[in-house]
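These notes go through the structure point by point, beginning with the ligand and ending with the backbone. Please keep the sequence and the 3D view open while reading.

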Amino acid sequence: MLPQALLARLSLAKHVVALTGAGISAESGVPTFRDAQSGLWARYKAEELATPEAFLQNPRLVWNWYAWRRSLTQKAAPNAGHLALVRLQELVPNLTLITQNVDGLHTRAGSRDVLELHGNIETTLCFDEGTRVPAGEYTDDGREPPRCPRCGGLLRPGVVWFGESLPQATLERAERAAATCDALLSIGTSSLVHPAASLPVSAKANRRGALLIEVNPSPTPLTPLVDAALTGRAGDLLPQLVQQLEAIRG
Ligand code: APR
């Protein structure tokens, strides 16, 4: 539970940022990248499945890896943590929801305008043009990787691979939100992967000296910097936090 003084500060916040990572989807049964590397996939290194070089070398293998992961995320449903953030968007004047997850569960839960820093596994891009190609506009015969209907280039999943830069406009919006927010919640992320891991640090250093709250069962490199570390699962703690806020707001 958040101490009363911090709860009062959070309830006065006009702009809140929620930054989420794989931990919020853990309770929905979405395996992390490494957890999904089971069975057939266990023998590959991450660099053989999730880099532009790997894709160009063996596009079908990489395409199939993402098809497999998509089949796992599609079976998952949003959990109480995702739903609490939908409610939080209704409660605070301005909530910016930033996620490192590619599973689309925030949007499926009902959150609006989610900033997906690492892309979305449901989307498909032309490797050459970088443009988005809707599902109905290409065919997958299971042998050759699908091709762009416009230029004939290879199609790839719309996720950010190791060594690639993040979508610039999305990252800029996330950075602006961190630089101006009154409070930031870091939820279910190991706070190891940059630039996402820098966002809470820049929120703390902004003019308002944003309130930092972490929700995670384990400590992270961010923990020493936060005003409150709520230790536990997002699916348990976020609904409690939202309830506390509802109560204080009457
Ligand atoms: N509720 C909250 N946090 C949880 C829960 C839970 N139920 N279960 C696990 N966690 C925490 C773990 O303690 C860990 O700190 O979630 C964090 C997950 O860490 P990572 O697997 O490293 O995920 P993330 O921080 O999202 O990784 C960032 O790295 O693998 C790449 O691109 C991938 O987007 C990913 C990025």
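Predicted model: local features only at pLDDT ≥ 70, side-chain atom pairs only at ≥ 80, totals over all residues.

1. The ligand is surrounded by 17 residues, and the closest are Ala22, Glu27, Thr189, Ser190 and Asn216. Residues are numbered from 1 along each chain as its sequence is written, and side-chain values use heavy atoms, with hydrogens and water left out.

2. By class, the shell around the ligand holds five nonpolar, 10 polar and two charged residues. Here Ala, Val, Leu, Ile, Met, Phe, Trp, Tyr, Cys and Pro count as nonpolar, Asp, Glu, Lys and Arg as charged, and the others, Gly among them, as polar. Helix H2 (residues 22-26) gives the largest share of this shell, three residues. Helices (H or I, at least four residues) and strands (E, at least two) are DSSP runs, numbered from the N terminus.

3. On a 1 Å grid over the protein atoms alone, a pocket is an open set of points with protein on both sides within 12 Å along at least five of seven lines, a cavity is a set where a 1.4 Å probe fits but cannot get out, and lining residues have an atom within 4 Å of a point.

4. The volume of the largest pocket is about 950 Å³. Of its 32 lining residues, Ala22, Phe33, Gln100, His118 and Val193 are the closest to the centre. H2 supplies the largest share of this lining, four residues, and the lining divides into 14 nonpolar, 14 polar and four charged residues. A volume is the space filled by probe spheres set on the grid points, which are joined across faces, edges and corners.

5. How many cavities of 30 Å³ or more does the whole structure have? The search finds two. The largest has a volume of about 40 Å³, and its lining includes Leu19, Gln100, Thr189 and Ser190.

6. Met1, Leu2 and Leu230 are among the residues that line it, and helix H10 (residues 234-249) gives the largest share, four residues. Its lining has five nonpolar, two polar and no charged residues.

7. Two backbone details deserve a look. Most residues other than glycine have a negative phi, and most peptide bonds are trans. The peptide bond from His194 to Pro195 is cis, with omega near 10°, and Pro195 belongs to the loop between strand S6 (183-187) and helix H9 (198-204). Asp113 has a positive phi, near 55°, in the loop between helix H7 (105-109) and strand S3 (115-116).

Technical notes: Near = heavy atom within 4 Å.
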